[in-house]
Amino acid sequence: MYHARLMLRNANCLSNIIEGAIYRHANLSSLVVKSKNFSSTSDIKTHQENAPLEESERAGGFAKAYEKQSHILDSQENENHTFASLLRNSKLIDLGDPVGKVVIGKIFHVVQDDLYIDFGWKFHCVCTRPTNRGDEYVRGTRVRIQINDLELSSRFLGSSSDLTLLEADCKLLGIVSTPVRTSAKV
Amino acid sequence: MLCRNIKNRYINYAVTVFRYNSTASQVILETLPERDDAVEKKKSPLDYPDYFKVHDLFTVKDLFDARVHFGHKEGSLNDYMRPYLYGSRLGHLIFDLDITAEHLRKALNVTAHIAYRGGIICFFNRNALNAHLVENTAKECGEYAHTRFWRGGIFTNANHQFGAVTRLPDLCIFLNTQNNILNQHTAVRDSAKMLIPTIGIVDSNCNPNLITYPIPGNDDTPSAIQLYCELFKQAIKRGKEERMRFLQENDN
């Protein structure tokens with residue numbers, strides 16, 4: 001979630017940067033490649049003559065922002081996270097009460113009609129293949145599932161400890177993406 | 001070689017005891033180092049706290065990403081596992097990865113040292129989901145694995161069962177100390193009987209008492225088992241490489 005927000009901020013900044021870059025940035029050769037999707041090439045050609053004049057100027061607001069944005073993801077990898085902070089920012093805590101929540105899982109094993117789905121928890125869940133789009137459920141398919149119970153374990157009468165099934169209990173909702181290439185639909 | 005090391009050690013200790021207990025001047029100390037220089041002072045790997053640098057093999061973030069901190073539900077908690085827990089999240093137990101990391105470092109250190117001395121290491125895992133991975137790990141590092149049904153007397157009655165004088169493993173690594181949900185693996189008890197040191201991944205429903213170097217952590221998720229296998233394989237490889245280097249140096 002945190003990385004998605006960061007990427008969105010990056011994308012917005014990048015589009016702002018490129019709009020400003022056409023008028024002010026000294027080294028346009030690298031930007032020509034990046035801005036192909038954002039603006040027409042005619043704009044870049046007219047302003048290339050102005051480029052040598054801008055080099056002598058002090059680094060303006062754009063250059064500072066560009067420097068900051070290009071290194072913003074580098075510092076993340078070297079940080080030494082404590083276990084407490086890792087846990088606090090983890091998906092498990094974001095989930096809250098797991099009962100009823102919808103998560104995305106990936107099928108890692110298929111046994112005829114049983115699909116073994118791993119959704120990032122300690123256990124996997126096993127769901128039966130649905131009749132709708134059944135052929136698309138193969139190993140590697142990403143699916144949406146709704147959690148009923150994160151671990152099927154309960155205490156039986158007379159025992160001192162719980163008996164666990166080493167499985168989660170989830171309901172299969174639908175497909176997110178599948179590696180199966182479907183033939184062109186009419 | 002070994003005798004020479006012990007003699008050196010005694011000389012060193014004699015120097016320090018003499019220095020602290022007596023009020024003699026520094027002159028006596030200065031004469032003794034000459035004797036030390038004449039006899040070669042060699043440090044063995046056991047003199048270092050982390051000779052094979054196994055502490056660099058992993059970080060707490062690696063453990064976190066491999067889902068090592070997930071435990072079972074509170075209902076199946078073994079009382080002896082309470083000191084290793086960070087807490088409970090809506091009934092699901094979470095291990096304290098700082099404690100786990102410390103235990104894992106000790107275990108990897110022991111593994112590397114035993115591999116350095118040419119010991120036999122045996123991996124155990126009774127979870128069918130990860131059995132193939134564990135067997136492959138053992139094959140890749142040149143050690144042994146037993147992931148099938150364990151007959152009663154393999155350790156305790158080895159000579160009779162195998163029909164010949166058998167050498168038992170020098171270290172047993174349990175990637176899953178349970179046989180099934182209800183019972184502990186018999187080899188844990190048998191290793192303790194035969195004085196074989198054991199390393200074991202103990203989950204929140206396991207009993208860590210008989211295991212020499214328990215590692216509290218998740219033993220059900222394939223990603224966690226994969227991480228453990230990788231770490232033990234690296235530690236064993238480092239120990240073996242060091243051994244090869246040592247043997248080559250002595251041959252020359």
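B:Asp79 and B:Arg82 form a salt bridge in which the closest N and O atoms are 2.8 Å apart, a salt bridge being a side-chain nitrogen of Lys or Arg within 4 Å of a carboxyl oxygen of Asp or Glu. Both B:Asp79 and B:Arg82 are exposed, where exposed means over 50% relative accessible area, buried under 20% and partly exposed in between, with a 1.4 Å probe and protein chains only. This is a predicted model, in which local features need pLDDT of at least 70 and side-chain atom pairs count only at pLDDT 80 or more, while totals for chains, interfaces and linings use all residues. Residues are numbered from 1 along each chain as its sequence is written, chains are lettered from A and ligands numbered from 1 in the order in which they are written, and side-chain values use heavy atoms, with hydrogens and water left out.

**Salt bridges**

- Over all chains, a search of the whole structure finds 18 salt bridges.
- One of them links A:Asp118 to B:Arg67, with the closest N and O atoms 3.1 Å apart; because A:Asp118 lies in strand 2 (residues 114-118) of chain A and B:Arg67 in the loop between helix 3 (60-65) and strand 1 of chain B, this pair joins two chains.
- A:Asp118 counts as partly exposed at 23% relative accessibility, whereas B:Arg67, at 15%, counts as buried.

**Helix 8 of chain B**

- B:Glu249 forms a salt bridge with B:Arg245, the closest N and O atoms being 3.4 Å apart, and both residues lie in helix 8 of chain B, four residues apart, or about one turn of the helix; helices here are DSSP runs of H or I with at least four residues, and strands are runs of E with at least two, numbered from the N terminus.
- B:Glu242 also has its place in helix 8 (residues 222-251), and it is buried, with a relative accessible area of 15%.
- B:Arg245 counts as partly exposed at 43% relative accessibility.

**The sheet of chain B**

- Three strands of chain B make an open sheet with the order 1-3-2 and antiparallel pairing, and its edge strands, each pairing on one side only, are strand 1 (70-73) and strand 2 (85-89); two strands pair if DSSP finds at least two bridges between them.
- Strand 2 of chain B is joined by four bridges to strand 3 (residues 92-95) of chain B, and the two run antiparallel.
- B:Ser88 has B:Leu93, in strand 3 of chain B, as its bridge partner.
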